[in-house]
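Dear colleague,

I am handing over the structure below, and I would be grateful if you could look through it alongside these notes. What I found follows directly after it.

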Amino acid sequence: MLRLRTNRAVCLRTFRISSCIITLIVTYVSLSPRIGDVCEHKCTWYKQQSGQCVQNSTENADCPSKCSNTGIPNEYKSLQSDIHAVQRVGVYPHLQGGLGNQLFILSTAALIAKHIGGNVIVNSKQTRASSYGVPQPVFWHTMFDADVFVKESDYDEGFARGMNETQFRAAMANNFTKWKNLSHGVYTDGAFLNFSYPFQNRQFLMQIYSPLGEVQRWVNDYAVRLGLALPGKESSLSASYFNEKYANHDLATAGTGPRKSAIKDEVPRNAWSCGLPLRLCERPIQILSCSSADCEKNVAVHVRLQDRSTFADYWDEGHLIKVIDYIMRTIEQGNRVIAFSNDPLRSEILFKKHLNASSLLTKSLQFSSSIDVVEFWLMSQYFGTHILTGSTYQLWSLFLTPLRRVKVILLEDTDTVGFVECAKHHQPELYTFEEI
């Protein structure tokens with residue numbers, strides 16, 4: 001067996017750097033089955049493909065000098081370091097929970113990558129996130145599509161080091177001095193449920209979480225359907241949302257030849273809205289305008305209830321009664337209220353138990369039932385008033401709001417991740433808080 005140092009020396013003297021890398025990789029693969037020899041059988045070798053050298057409890061006299069304290073044979077580790085030195089260091093997020101919890105973890109990973117000069121590496125084949133109860137969906141192509149999130153189908157964390165929440169706080173305080181120039185990656189180890197560092201890096205996170213064009217179009221169309229926003233010129237909604245003639249008009253009379261528009265002079269006759277050159281169809285999809293300044297007359301309430309991935313209701317009966325009383329008063333002032341919930345059916349039943357059929361609230365309160373990512377951005381972009389439940393999903397929608405001013409209605413015991421305190425400290429001009 002050729003000694004590892006000899007291979008490296010010949011490689012570095014003889015070939016260009018690209019050839020060197022190829023040689024190192026070939027050596028890395030060819031030596032893998034025999035790495036146990038490096039420790040002269042004083043270490044028990046197992047899981048050869050993952051490169052772990054484990055000390056045998058009865059034959060470990062010389063192991064500390066032959067194997068690194070990470071359990072990787074020293075000479076094997078040296079080769080592996082050379083290979084990874086020519087790559088950007090990967091940061092591997094270990095996802096937990098739903099969208100709100102995933103945003104904490106991926107934001108942490110993005111901040112680590114920013115400071116150590118790496119990328120966030122995600123498993124493009126991953127379809128579920130670990131969670132209490134049933135697994136939660138992932139959002140690789142709707143929320144986490146910025147360049148910093150690199151999707152790999154051949155996902156391998158290699159010899160990545162774990163970074164827990166205590167280590168992350170220490171690293172942020174010391175500009176990641178001990179974590180720079182790593183020869184291997186870093187994986188997140190924890191939930192990181194704290195808004196302190198997100199608020200300190202809000203502009204950076206606002207940029208990487210800017211919604212994609214197709215997602216923004218879904219959100220805009222849903223906002224129009226709910227009456228939250230004024231229709232845009234490029235909405236993909238059916239014409240009836242813009243002109244009652246379409247909704248009320250009959251079909252064309254049968255047997256009159258080729259079908260023509262039954263509604264005269266309503267469809268533009270100048271053909272296609274954008275075409276060649278294709279750049280004409282690249283214009284970004286913008287957020288629509290609300291009917292009131294900063295969408296202040298649009299009120300969002302997020303009712304987080306027990307479900308197959310949530311162990312308890314976030315509200316009790318007292319919270320519900322207070323919220324209904326507040327909503328009644330705000331509707332009387334001409335505001336529009338939309339209720340969001342992880343269980344829309346049960347949420348609507350709970351509200352109606354306290355109302356009668358003729359109640360103004362019954363007629364004016366709407367219950368949303370769209371997909372997670374659409375409701376998330378809808379709450380973020382089109383509601384100037386939020387009734388806070390403490391759901392991390394709602395808190396992140398507030399954090400990423402593009403509005404200039406947002407009013408937050410607080411209930412007791414509903415903020416467990418420090419959002420209010422951090423918002424008051426870092427963004428006092430953006431948020432105002434009231435208690436009910």
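Which residue in β9 is the bridge partner of V91? It is V186, and V186 of β9 is also the bridge partner of R161. Please bear in mind that this is a predicted model, in which local features need pLDDT of at least 70 and side-chain atom pairs count only at pLDDT 80 or more, whereas totals for chains, interfaces and linings use all residues. Residues are numbered from 1 along each chain as its sequence is written, and side-chain values use heavy atoms, with hydrogens and water left out.

The sheet
The strands and helices named here are DSSP runs, numbered from the N terminus (helices H or I, at least four residues; strands E, at least two), and two strands are said to pair if DSSP finds at least two bridges between them. On that basis there is an open sheet of 5 strands with parallel pairing, in the order β7-β4-β3-β9-β8. Its edge strands, each pairing on one side only, are β7 (149–152) and β8 (161–164), and the twist averages 35° from one strand to the next. Strand β3 (residues 90–92) pairs with β9 (residues 186–189) in the parallel sense over 2 bridges, and Y92 stands opposite Y187 in β9; β8 and β9 likewise pair in the parallel sense, over 4 bridges.

The helices
Helix α6 (residues 165–173) lies across β8 and β9 and runs at about 85° to β8, where angles are taken between N-to-C directions, from 0 to 180 degrees, and axes are lines fitted to C-alpha atoms, for helices over the stretch in contact.

Elsewhere, helix α14 (residues 372–382) and helix α15 (residues 392–399) pack at an angle of about 50°, with their axes 8 Å apart. The contact (heavy atoms within 4.5 Å) is made by D372, E375, F376, M379 and S380 of α14 together with Y393, Q394, W396 and S397 of α15.
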